[in-house]
Structures are given as structure tokens and as C-alpha cells.
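Here is a short briefing to read beside the model. Keep the sequence and the coordinates open while going through the points.

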Amino acid sequence: MKRFISIILLLVAVQGFAQEPLDSAFLDAEMEDSVSAMAIKPVEHPEELLQQVLQRLEKDLQQKHSRRDYMLESLLNINSPRALYVYRTYTIEDDNGIGVMEYDRIINKGPLKFEGPYRITVQDSLDIEFTLNIHADLNTNAIRVNGYRSPRFFLRALFNGVKLKKVLKGILEAYEVTAYNIVDNSGRGVYRIHFDERKPKKWEKEVVPFEDEKIKWYIDQQSLRLIQINISQNKPGRRNVYKHVYCEENGCPMLQKFIGVIYKEGKLTSWTGVKLENRDNKN
């Protein structure tokens with residue numbers, strides 16, 4: 001119950017995100033906020049940096065990772081306005097580390113556990129499973145690539161049947177891309193790449209799901225490895241915000257933590273997933 005109460009208080013604290021950016025109000029500080037005495041400089045040719053990052057990402061997506069567990073915690077409005085706290089563990093194996101909740105890579109789902117102000121019915125349980133399937137179980141790391149029938153690609157499958165050159169061209173057509181070089185006194189540094197959605201073309205309006213989308217990728221300067229992604233999406237009556245933080249295994253990115261908040265029609269749905277360090281300790 002303590003975890004349920006703490007999440008309730010957290011969500012109450014961010015109810016004002018309609019008036020201020022949820023990136024800073026909820027999803028922790030920006031990555032560079034933890035770097036002291038920073039030097040931040042624009043990258044003169046961000047498209048060249050993006051090409052290098054995509055080349056690295058294409059190689060990283062071929063890496064398969066070891067078995068590990070994640071704890072997923074979610075706050076759902078199944079019987080609004082009464083919120084329900086839900087959590088379960090997932091065991092993942094042989095995935096590329098980017099799309100953790102790929103169904104064919106989940107080898108075990110733990111039982112659903114609940115905390116809330118009311119008894120759970122069979123219908124509630126079915127509604128919870130459905131909500132998790134369409135939200136928390138899906139990888140939200142996707143990016144627009146213009147020139148294709150489906151304008152959005154999950155990062156885990158970004159290069160499936162699409163050449164890197166076309167991916168780069170499609171991203172640059174869909175987003176205004178800028179980048180920054182961020183370095184501290186010790187020489188530790190990251191690149192921050194911004195993807196700000198361009199105004200969709202007339203023929204795209206029916207297939208572009210959001211009127212405004214902003215994405216930030218944080219990239220390790222030495223390895224060009226992906227280390228964090230922040231996403232903000234907006235359309236009338238809805239706002240989505242996501243954050244994904246990556247650790248490393250065998251020199252390749254592996255999701256360590258992911259956070260999501262969806263505000264839709266006056267209701268909040270949130271979830272946090274964390275990689276468990278010890279597979280024998282599942283809380």
C-alpha cells in the first residue's frame with residue numbers, strides 16, 4: 001500500500017502538466033543536469049552525426065542479450081476516478097535490448113498483483129490485461145520515417161527491410177533535426193539529438209497520429225551508443241510522455257528503466273519498468 005500511496009501523491013503532483021512541460025515536471029531532470037560545469041555547443045552538421053548514430057544502432061540491433069527480469073509497476077484508472085496500482089514481473093531473453101516488451105522475447109510473465117481501494121472483479125482483471133497490452137507491454141520507442149505506408153517505425157525494427165540511407169532520409173523529412181555536444185570538466189560527454197516534428201504534408205495528415213512530437217536521443221560520445229530517449233507527443237485531448245534509460249551489455253545498449261505517462265480525456269495512466277539486478281530477487 002505504501003507504493004500505491006506514493007504513486008498517487010506523485011501523480012497528484014504532476015496534474016499541472018497541462019500548464020508546464022511534463023519532461024521536467026515528472027520524468028526526472030534532463031541527462032545533462034547531472035553533469036557539472038558543462039559546456040554545451042551546437043553540432044554544425046547534425047545529419048552527419050545522425051547517420052553515424054544510425055550506423056551504430058543498426059549494428060547494436062543485431063546483438064542478442066542475456067536473460068533478465070523487469071518489474072513493471074502501473075497506475076490505472078480502470079474504475080475512474082478510483083485508481084488501481086498494478087505490478088508484475090517479466091522475464092526477457094534473446095532480445096536486442098531496445099524493444100524489451102516484444103511478445104516473442106518474453107519467456108515468462110509473473111502474476112498480476114493489485115493494490116487499491118476496491119475489490120477486483122473478473123472484468124477488472126480482463127480490463128487490466130487489455131490496458132497493459134496496449135500500453136505498458138508495447139515498446140513506445142518509435143520514430144517517423146517519411147515515404148512509407150506506415151509512417152512510424154519501432155526502433156527495434158527500424159532497419160527491417162529498409163536501408164539505412166532511406167531511414168536517414170525519411171527521418172530528416174519528418175523531423176527538424178538538431179544536435180548538441182555536452183561535455184563536463186572531466187571530459188565525460190554526450191550528444192543530445194533533437195527530433196522536432198515537421199508540419200505534415202497534406203497527404204500525411206490521415207496517417208500522422210500526433211500534431212506535435214518531440215524526441216530527444218542521448219548518445220555516448222565515445223561509442224555512439226544510445227543511452228537515453230525522451231519522447232513527448234501531443235494531440236487534442238491527449239498527451240504522452242516517455243523516458244527510456246539504457247545500460248550496457250557486451251558494448252550494446254540494454255534497457256534499464258522505462259517510464260510512461262498518458263493523459264487522455266482527463267485520465268492518467270502511468271507505468272515504470274525497472275531491470276532487476278538479481279533474478280532471484282523479484283520483490
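K214 is partly exposed, with 42% relative accessible area. The side chain of K214 pairs with that of D212 in a salt bridge, at 4.0 Å from N to O. This is a predicted model. The protein has 283 residues, and 51% of them are buried.

**Overall make-up**

- The protein contains five helices and 14 strands.
- Contacts with a separation of 6 or more are counted here, and 59% of them join residues 24 or more positions apart.
- Salt bridges number nine.

**The network around K214**

- D212 is partly exposed, at 28% relative accessible area.
- D196, D212 and K214 belong to one network, joined by salt bridges that share partners.
- D196 is also among the residues in contact with E213.

- E213 sits in strand β10.
- The relative accessible area of E213 is 0%, so E213 counts as buried.
- A polar contact of 2.5 Å joins the side chain of E213 to the side chain of Y175.
- Neighbours within four places in sequence are set aside in the contact list of E213.
- That list includes R144, R152, Y175 and F195.
- D196, E197, I231, S232 and Q233 are on the list too.

**The E197–R144 salt bridge**

- E197 and R144 form a salt bridge through their side chains, with 3.0 Å between N and O.
- The pair links distant parts of the chain, 53 residues apart.
- E197 belongs to strand β9 (residues 189-197), and R144 to strand β6 (residues 142-144).
- E197 is buried because its relative accessible area, 13%, is under 20%.
- R144 is buried as well, with a relative accessible area of 1%.
- Both E197 and R144 are in contact with E213.

**The R56–D60 salt bridge**

- A salt bridge joins D60 and R56, whose closest N and O atoms are 2.8 Å apart.
- Helix α3 holds both D60 and R56.
- D60 and R56 are four residues apart, about one turn of the helix.
- D60 and R56 are both buried.

**Cavities**

- How many cavities of 30 Å³ or more does the whole structure hold? The search finds four.
- Which element gives the largest share of the lining of the second largest cavity? Helix α3 does, with four residues.
- Of the lining residues, seven are nonpolar and three are charged. None is polar.

- Y90 lies in strand β3 (residues 82-92).
- Is Y90 buried or exposed? Y90 counts as buried, because its relative accessibility is 0%.
- Y90 and G110 are 20 residues apart in sequence. Their C-alpha atoms are 6.1 Å apart in space.
- D94 is in the loop between β3 and β4 (106-109).
- D94 has a positive phi of about 60°, although D94 is not a glycine.
- D94 is partly exposed, with 35% relative accessible area.

**The loop between β12 and β13**

- Where is N250? N250 is in the loop between β12 (238-249) and β13 (252-264).
- The phi of N250 is positive, near 55°, and N250 is a residue other than glycine.
- N250 has a relative accessibility of 60%, which is over 50%, so N250 counts as exposed.

Technical notes. Residues numbered from 1 in each chain as written. Predicted model: local features only at pLDDT ≥ 70, side-chain atom pairs only at ≥ 80, totals over all residues. Heavy atoms only, no water. 1 Å grid on protein atoms, 1.4 Å probe; cavity = no way out; pocket = protein on both sides within 12 Å on 5 of 7 lines; lining within 4 Å. Points joined across faces, edges and corners; volume = space filled by probe spheres on them. Helix = DSSP H or I, 4+ residues; strand = E, 2+ residues; numbered from the N terminus. Nonpolar A, V, L, I, M, F, W, Y, C, P; charged D, E, K, R; others polar. Buried < 20%, exposed > 50% of the residue type's maximum accessible area, 1.4 Å probe, protein only. Polar contact = N/O pair within 3.5 Å; in protein donor to acceptor, adjacent residues only side chain to side chain. Contact = heavy atoms within 4.5 Å.
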